[in-house]
Amino acid sequence: MIGLLTGAPLPACPQTAPAAPGTTEAPDQSICAAPVILGLDCSSTTIGWAILNGDIRDAGTLRLTGSDIAERCRQARAGVYLVLLNHPDVDAVAIESPVARYAKAVIPQARVSGAILSLLAEKQIAWVEVTPSEAKRALVGRGGASKADMMTAAGLDDEHAADAVGVAKAALKHVQVLR
């Protein structure tokens with residue numbers, strides 16, 4: 001079971017004592033497990049991604065090509081689908097919210113994010129949105145961190161994948177997995 005609370009910290013995760021030695025009884029309550037988060041840093045031409053479960057397990061960048069936004073949305077959906085196929089244990093996805101710094105860029109960026117959200121809905125995968133400043137605070141400790149700071153903190157030489165690590169780390173306060 002996955003719990004998501006957007007905008008509020010999660011309550012303490014319930015713990016349970018292990019079954020008595022020599023018994024096969026199941027515990028009364030589930031115990032919290034470290035969630036496996038897929039963090040996504042989306043633009044209309046690039047998607048940084050990172051798989052995190054405390055440590056970075058995998059990371060990379062998907063390049064979206066061509067001038068047709070519908071084709072780039074198809075590429076985004078297909079690329080994220082392949083990441084999920086290669087990491088079937090993902091509990092939830094964290095997506096960086098679009099930034100309206102450049103109004104002309106936010107519409108295609110939102111379309112790409114929408115294509116990914118449709119995939120997550122189809123696959124019934126929980127998701128949470130994280131702001132860029134939350135991602136920077138989670139990874140570097142301050143909301144105004146530079147790209148170089150993010151790459152250094154993540155230990156990666158890819159700015160998009162490093163941002164995705166920050167997105168995944170920020171999502172940890174919103175995701176709780178009970179097994």
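**Exercise 1.** Which strands and helices are included in what covers the buried residues of H3?

*Solution.* This is a predicted model, in which local features need pLDDT of at least 70 and side-chain atom pairs count only at pLDDT 80 or more, while totals for chains, interfaces and linings use all residues. Residues are numbered from 1 along each chain as its sequence is written, and side-chain values use heavy atoms, with hydrogens and water left out.

Begin with helix H3 (residues 132-139), whose buried residues are Glu134, Ala135 and Leu139; buried means under 20% relative accessible area with a 1.4 Å probe, protein chains only, and helices are DSSP runs of H or I with at least four residues, strands being runs of E with at least two, numbered from the N terminus. Down the axis of H3 these residues fall within an arc of 120 degrees, so they line one face of the helix, the arc being that of the directions from the helix axis to the C-beta atoms. Their cover includes strands E6 (92-96) and E7 (126-130), together with helices H4 (147-154) and H5 (159-171), where contact means heavy atoms within 4.5 Å.

**Exercise 2.** Determine the strand order of the open sheet and identify its edges.

*Solution.* The 5 strands follow the order E5-E4-E3-E6-E7, with mixed pairing; two strands pair if DSSP finds at least two bridges between them. Strand E5 (56-63) and E7 stand at the edges with a single partner strand each, so one side of each is left without a neighbour in the sheet. For E5, 7 bridges join it to strand E4 (residues 46-52), and the two run antiparallel, with leucine 52 opposite isoleucine 56 in E5.

Notes. Buried < 20%, exposed > 50% of the residue type's maximum accessible area, 1.4 Å probe, protein only.
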